[in-house]
Amino acid sequence: MAGRTVGDADWTAAQLRELSASAHKIGEVVELISTIAAQTNLPVLNVTIEAALVGKVGRGFAIVAAEVKQLADQTAKATQTISAQIGEIQGATDQAVSSVTEIGGVIRHLNGIASAIASAV
C-alpha cells in the first residue's frame, strides 16, 4: 500500500506541476494583453491630437478615441486583477507540489522501513 501511495503522490505532484505550468502560460497571455492595452494608448493620443487639429469635423474621432482609451484602461485594470489572481494560484500550486513531494518522500521512507522489517521477520 505504501508503494501505491508513493505512486499516487508522484502522480499528484506531476499534475500539480502541469497546473503550475498552465498558470504560468496564462500569466504570459495576460502580460501580452496588458502590453497591447498599454500600446493602444499611443495611437489613441495621436488620433485625439489630430481630431483636435481638424476642429468640428474631428469631434467624432475624438469621441471614438476617448472610448478606445477607456476600453484600454479597463483592459489594463482587468489584466492587473487577473495577474494578481494567477500569482496567487502559482504560489499555492508551488506550495502544493512541495508538500506532495515531501509527503511522497516520507511514504518512501516508511516503505523502506516496512520492507526492512518484513525482510527481518
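Start with the charges: select the Lys, Arg, Asp and Glu side chains. The protein chain carries 8 positive and 11 negative side chains, with 8 Å between the centres of the two sets. Lys and Arg count as positive here and Asp and Glu as negative, while His and the chain ends are not counted. Each charge is placed at NZ of Lys, CZ of Arg, CG of Asp or CD of Glu.

A word on what's on screen: this is a predicted model, where local features need pLDDT of at least 70 and side-chain atom pairs count only at pLDDT 80 or more, though totals for chains, interfaces and linings use all residues. Residues are numbered from 1 along each chain as its sequence is written, and side-chain values use heavy atoms, leaving out hydrogens and water.

Now switch to cartoon. You'll find two helices and zero strands in the protein chain; these are DSSP runs numbered from the N terminus, with helices being H or I of at least four residues and strands E of at least two. The radius of gyration is 27 Å, well over the 14 Å that the globule rule gives for 121 residues, so the chain is more spread out than a compact globule. That radius is taken over C-alpha atoms, and the rule is 2.2 Å times the number of residues to the power 0.38.

Next, back to the charged pairs. How many salt bridges does a search of the whole structure find? It finds two, a salt bridge being a side-chain nitrogen of Lys or Arg within 4 Å of a carboxyl oxygen of Asp or Glu.

Select aspartate 10 and arginine 108: their side chains meet in a salt bridge, 2.7 Å from N to O. This pair links distant parts of the chain, 98 residues apart, with aspartate 10 in helix 1 (residues 2-54) and arginine 108 in helix 2 (residues 59-120). Aspartate 10 is partly exposed at 36% relative accessible area, and arginine 108 is partly exposed at 40%. Partly exposed sits between buried (under 20%) and exposed (over 50%), using a 1.4 Å probe and protein chains only.

Then pick lysine 69 and aspartate 73. Their closest N and O atoms are 3.4 Å apart, making a salt bridge. Both residues lie in helix 2, four residues apart, about one turn of the helix.

Last stop, colour by burial: 18% of the 121 residues count as buried.
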